[in-house]
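Hi everyone, thanks for coming. Let's have a look at my structure together, and I'll start with a question once it's up.

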Amino acid sequence: MRLFLASATALAVSFTAPGAYAQAISAEEAEALRAQIRTMKAQMEAMEARLNAAAPAAAAPADIGAQGGSSAPAASPPLAAGSPAKPQGKEEKETGIEWKGSPQFAQGDRQFKVKGRIQADANYVGAPKGLDDQGLGFSSEMRRIRLGAEGAIGAGFDYKLELELSDNSVDLVDTYVGYHQGPWSIRLGNQNSFQSLDELTGDTSGSVMERAAFTDAFNFERRLGAAFQYNKGPWLAQAGVFTDDIGALANDSDGVDGGDENNSYGLDGRLVYSPKLGGFQLHFGGSAHYRRLGRLAESDTRYRQRPYVHSTNTRLIGTPVMNVSEEDHYGVEFAAIRGRWHAAAEYHALTANRVDASTVTFQGAYAETGIFLTKGDHRGYKEGIFRVEKPAHPMGDGGMGSLLFTLRYDWLDLNDRDIRGGTQNGYIAALVWEPIQNLRFNVNYALLDYTGAKPTESGKTDYDAQVVGTRFELDF
């Protein structure tokens, strides 16, 4: 009925539009047409009022039927003239857009954000005299190139997918589906297995370019598995069961090195207590890990480390190859933040159960302290790890950004029983400049004191190496 009335109105208006007649009409005829339109409009308004008045009466039988058990359907509510029809049920919420390095779209409990990362390094490793290794000296690389997305799909479910180009290969990094309810959460997929504070802190949130030597020497990596977490107040508990990294599970790794014959698994747990006392944010943590290598015990296992920077593939210290059936390792963690100052320290020990020889244990640790040279800046902390904070006074807003200066001592011992892998005592100074949020520049200097390292031409195994590392990184 309303469609008919609207059509009639449009038709009447079209009669008065220019070009509706082939010939011009007189003023008297035009006035007569206008009078007819006014009459039709008054009639339509009267009919609309009658329809709106009749709607409640039509709904009354449904109400009576509901009281008397009748199943007669209720009438639809009247629509105001000219208002569009709306679908029944829950109204759709508007989509909000927030800038977080890239646009983040949010609608209710659903959200989506594209992620990416670019890290480029230019480094120099001063080789000791008499050490003929072409991998030392100047080197440069694209340390990491990542692209992915993360978001939430509602009802407590979230996800993350990241691809990384590193060492001329594409790998999956954080790739999982998660669910959270109150303080509890679970993640299924490729992820870190709670190895240590330094390992879990993001590489764009660190105070130095590279993580502690033991994290690389002990082969910390993301693995496929299920992880559980409880986080309430100052307490954080994490536990999980994992198989191996995605590359080792691929079919092209079939055999003793992995693929469908890879039956390795690990159990990992971490507990953190992070109270706030006075003006201090404190962190006390510990982790324990067990891994059974299964068929991989028939392949070669080594523990070794580069001279600080990743752009060189030379290892100056490292164990010989071993057949390892099981690994047990544990670590303790400490950190403190107060204003512009922070400190952190960890100790980690790994025990390797060899197939045909005695058990050996290797150790590593670091300790650092740092301070922002710019007012108002501080290190971020959340859920048991350091986080990056935006500069208090960024460039473009009257400031120069944030400037963090850090000193770190880094120790690694790969000697035990018959294994002489060497030791490292590293002394590192680092400067991190973040002119605006998401963009950082690093300059690092490291003095590495080695014993039992790769021999020079004269057979010398105790010497120093000096390293200068630089990096720019964009993270969004």
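So, which backbone oxygen does the side chain of Asn190 reach at 2.9 Å? Before I tell you, keep in mind that this is a predicted model. Okay: that oxygen belongs to Val173. The Asn190 side chain also gets to the backbone oxygen of Leu172, at 3.2 Å.

Where are we in the chain? Asn190 is in strand β7, which covers residues 184-191. With a relative accessible area of 2%, Asn190 counts as buried, because the cut-off for that is under 20%. Leaving out neighbours within four places in sequence, Asn190 has contacts that include Tyr176, Arg222 and Ile246.

Now for the rings. There are 15 aromatic pairs here. One of them is Phe194 with Phe242, edge-to-face, 6.2 Å centre to centre and with 70 degrees between the planes. Phe194 is in the loop between β7 and α3, while Phe242 is in strand β9, so the pair ties together parts 48 residues apart in sequence. Both Phe194 and Phe242 are buried.

Next up, Tyr450 and Tyr463: their planes are at 65 degrees, so this pair is edge-to-face too. Tyr450 belongs to strand β22 and Tyr463 to strand β23, 13 residues apart. These two tyrosines are buried as well.

Tyr450 shows up again in the largest nonpolar core, which has 47 residues. Tyr450 is among the members that touch the most others, and so are Phe218 and Leu412. Phe218 also joins Phe214 and Phe220 in a cluster linked by ring pairs.

Last one: the charged end of Arg379 sits over the ring of Phe386, 3.9 Å from its centre. That's it from me!

Methods:
Residues are numbered from 1 along each chain as its sequence is written. This is a predicted model: local features need pLDDT of at least 70, side-chain atom pairs count only at pLDDT 80 or more; totals for chains, interfaces and linings use all residues. Side-chain values use heavy atoms; hydrogens and water are left out. Helices (H or I, at least four residues) and strands (E, at least two) are DSSP runs, numbered from the N terminus. Buried means under 20% relative accessible area, exposed over 50%, partly exposed in between (1.4 Å probe, protein chains only). A polar contact is a pair of N or O atoms within 3.5 Å; within protein, one must be able to donate a hydrogen and the other to accept it, and residues adjacent in sequence count only if both atoms are side-chain atoms. Contact means heavy atoms within 4.5 Å. A nonpolar core is a set of buried Ala, Val, Leu, Ile, Met, Phe, Trp, Tyr and Cys residues joined through side-chain atoms within 4.5 Å. Rings of Phe, Tyr and Trp (its six-membered ring) pair if their centres lie within 6.5 Å; planes under 30 degrees apart count as stacked, over 60 as edge-to-face and the rest as tilted. A charge sits over a ring if NZ of Lys or CZ of Arg is within 6 Å of the ring centre and within 35 degrees of the ring normal.
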